[in-house]
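Open the model in your viewer and keep the sequence panel beside it. The tour goes from one selection to the next.

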Amino acid sequence: FVQGALAVVVPVFATTLTIPALVEHIGTHIELAPLLLSATQECALLLAIYSLTFFLSTVARAPLGIAFAVLCFTIFQFAVYLVERLTHWSVFRLADVERFLDIERTHSLDWRRFAPLVALTLIFYVAALISFERRTP
């Protein structure tokens, strides 16, 4: 679980750390702290999706089916995100430009959106551990 979580989180933070240096080439300055908070919010969403997928892999026998189901869910959620009247029903609203602008403005995470993602990650992780223990002799 930890290796997969790192594979999800490290690239987000690695690329985020390059942004201030890159925007200075075009004569702009961006503070790093709000960028790191935005990356944290993004990682919370990605880890919630990852932990759900990890949990499903401990309860099902066909990894291809799990991958396809998560892919379909993700594509559906992205399609919902792109439809103006339905966008508020998409999980991608938890980590979109509007959220990042809120973080930039307040210099803090919105715990009403961040905490449930962390809680889901922990719940799915614990559920995966329980499920995995039941499957191993």
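Which residues in H1 meet which residues in H2? Keep that in mind while you make the selections; note that this is a predicted model.

**Stop 1: two helices**

Select residues 2-24, helix H1, and residues 32-59, helix H2. Their axes come within 9 Å and cross at roughly 160°. Angles over 145 degrees count as roughly antiparallel, so H1 is roughly antiparallel to H2. Turn the view to follow the crossing: H1 passes H2 in a right-handed one.

**Stop 2: where they touch**

Now show side chains. On the H1 side, select Gly4, Ala5, Val8, Val9, Val12, Phe13, Thr16, Leu17, Ile19 and Pro20. On the H2 side, select Leu32, Leu35, Leu36, Ala39, Thr40, Glu42, Cys43, Leu46, Leu47 and Tyr50. These two sets meet each other. The contact of H1 with H2 has 16 nonpolar residues, three polar and one charged.

**Stop 3: Arg93 and its partners**

Clear the selection and turn to charged side chains. The model has eight salt bridges by count. Pick Arg93 and Asp96. Their side chains form a salt bridge, 3.1 Å from N to O. Are these two buried or exposed? Both Arg93 and Asp96 are buried.

The burial of the two partners can be read from their accessibility. Arg93 has a relative accessible area of 13%, so Arg93 is buried. Glu98 has 39% relative accessibility and therefore counts as partly exposed.

**Stop 4: along helix H4**

Select residues 97-106, helix H4. Find Arg99 and Asp102. They form a salt bridge, and their closest N and O atoms are 3.7 Å apart. Why are Asp102 and Arg99 separated by about one helical turn? Because they are three residues apart in H4. Asp102 is partly exposed, at 23% relative accessibility. Arg99, at 7%, counts as buried.

**Stop 5: the network**

Finish by selecting Arg93, Asp96, Glu98, Arg99, Asp102 and Arg105 together. Salt bridges that share partners join these residues into one network.

Methods
Residues numbered from 1 in each chain as written. Predicted model: local features only at pLDDT ≥ 70, side-chain atom pairs only at ≥ 80, totals over all residues. Heavy atoms only, no water. Axes fitted to C-alpha atoms, helices over the stretch in contact; angles between N-to-C directions. Helix = DSSP H or I, 4+ residues; strand = E, 2+ residues; numbered from the N terminus. Parallel < 35°, antiparallel > 145°, perpendicular 65-115°, else oblique. Left-handed = near helix turned anticlockwise from the far one by under 90°. Contact = heavy atoms within 4.5 Å. Nonpolar A, V, L, I, M, F, W, Y, C, P; charged D, E, K, R; others polar. Salt bridge = Lys/Arg side-chain N within 4 Å of Asp/Glu carboxyl O. Buried < 20%, exposed > 50% of the residue type's maximum accessible area, 1.4 Å probe, protein only.
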